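Let's take a walk through this fold together. Have the sequence and the 3D view ready, and turn the model as you read.

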Amino acid sequence: MLVLSSPSGAGKTTISRAMLERDDNLTMSISATTRPMRPGEEDGKDYYFVDEDKFNQMIKDGELLEHANVFENFYGTPRKPVEEALARGMDILFDIDWQGTQKIADDEIAGKDLVSVFILPPNTAELENRLRTRAQDPEEVVQQRMSKASDEMSHYREYNYVIVNDEIEASVQQVQTILATERMHIERQIGLHEFVQELRGPE
Ligand code: 5GP
């Protein structure tokens, strides 16, 4: 379970897309949210867009692996697709905030499967620039996100890795390197013991 978090506008979405294109063993977790759909977004692709009643029902029914209130809206990770993807041997990419990351990290079982990466913008001007060129949100939302970016960034220490997204291609390669390295971790290599036993032959 590979989590990418960052303040809005640090380039996380672009990095996620590139990661998915380049890695057949990686699938994206699609979150549920109560926030309104933005132009160009698709229900079931970018998010599952639901109303608050439905969201609360999902919580009640234990359908969410984690959920949090971000910018006055609710966001949550549906549990079932994650469990199914993991059972198929897939790795899963999550675009969730620090609250969701903390909840998964604290989970006794899921926590062991988690690798978390925090993406920082190269500087404040670039962050603001990226938020403005997105130009899909009203000015007040942009301002709100700028002020929240600082709060969000204060959580960088809670992550396993930090990337400064100066240049998108370099950042994608860095995330790929993290994924490749973490896949080699001794705890994650299923069947390793049997493989070594076979290599060693009969005692
Ligand atoms: P946006 O509304 O711009 O798509 O996302 C706003 C923030 O919500 C981003 O920081 C994103 O990572 C976070 N987010 C999206 N989905 C989830 C989720 O399922 N759980 C949590 N905790 N945060 C999420």
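What follows is a short tour of a predicted model, going from its sheets to its cores and then to the ligand site.

## The parallel sheet

## Strand β8 and its partners

With β9, strand β8 pairs in the parallel sense over four bridges. Here Ile163 of β9 is the bridge partner of Ile119, and Tyr161 in β9 stands opposite Val117. β1 and β8 also pair in the parallel sense, over four bridges, and Leu2 is found opposite Val115 in β8.

How many of the six residues of β8 are buried? Six of the six are, leaving the strand mostly covered. In a regular strand, side chains alternate between the two faces of the sheet.

## The mixed sheet

Now turn to the open sheet of four strands, with the order β4-β3-β6-β5 and mixed pairing. Its edge strands are β4 (48-49) and β5 (64-70), and each pairs on one side only. An antiparallel pairing over six bridges joins β5 to strand β6 (residues 73-78), and within it Glu66 stands opposite Thr77 in β6.

Two helices accompany these strands. Helix α3 (residues 79-87) packs on the sheet and touches β5 and β6, with a direction at about 30 degrees to that of β6. Helix α2 (residues 52-60) lies across β3 (32-33), β5 and β6, and runs at about 140 degrees to β5.

## The nonpolar cores

Which residues have the most contacts inside the largest nonpolar core? They are Leu2, Leu4, Ile15, Met19, Val117 and Val175, in a core of 16 residues. The elements that give two or more residues to this core are β1, α1 (12-22), β8 and α7. Of these, α7 gives the most, with four residues. A second, separate core has 15 residues, including Val82, Ile96, Ile104 and Leu120.

Leu4, found in strand β1, counts as buried because its relative accessibility is 0%. Beyond its neighbours within four places in sequence, Leu4 is in contact with Lys12, Ile15, Ser16, Leu93, Phe94, Asp95, Ile96, Val117, Ile119 and Val175. Leu4 and Val175 are 171 residues apart along the chain, and their C-alpha atoms are separated by 9.1 Å. Ile15, with residues up to four places away in sequence not counted, touches Leu4, Ile119, Asn165, Ile168, Ser171, Val172 and Val175.

## A lysine in helix α1

Is Lys12 buried or exposed? Lys12 lies in helix α1, and it counts as buried because its relative accessibility is 13%, with the cut-off for buried being under 20%. Apart from residues up to four places away in sequence, Lys12 touches Leu4, Ser5, Ser6, Asp95 and Ile119. The side chains of Lys12 and Asp95 are joined by a polar contact of 3.0 Å.

## Around the ligand

For Arg35, a polar side-chain atom lies 2.6 Å from an oxygen atom of the ligand. For Tyr47, a polar side-chain atom lies 2.5 Å from a ligand oxygen atom. For Tyr75, an N or O atom in the side chain is 2.5 Å from an oxygen atom of the ligand.

Conventions. Residues are numbered from 1 along each chain as its sequence is written. This is a predicted model: local features need pLDDT of at least 70, side-chain atom pairs count only at pLDDT 80 or more; totals for chains, interfaces and linings use all residues. Side-chain values use heavy atoms; hydrogens and water are left out. Two strands pair if DSSP finds at least two bridges between them. Contact means heavy atoms within 4.5 Å. Axes are lines fitted to C-alpha atoms, for helices over the stretch in contact, and angles run from 0 to 180 degrees between N-to-C directions. A nonpolar core is a set of buried Ala, Val, Leu, Ile, Met, Phe, Trp, Tyr and Cys residues joined through side-chain atoms within 4.5 Å. Buried means under 20% relative accessible area, exposed over 50%, partly exposed in between (1.4 Å probe, protein chains only). A polar contact is a pair of N or O atoms within 3.5 Å; within protein, one must be able to donate a hydrogen and the other to accept it, and residues adjacent in sequence count only if both atoms are side-chain atoms.
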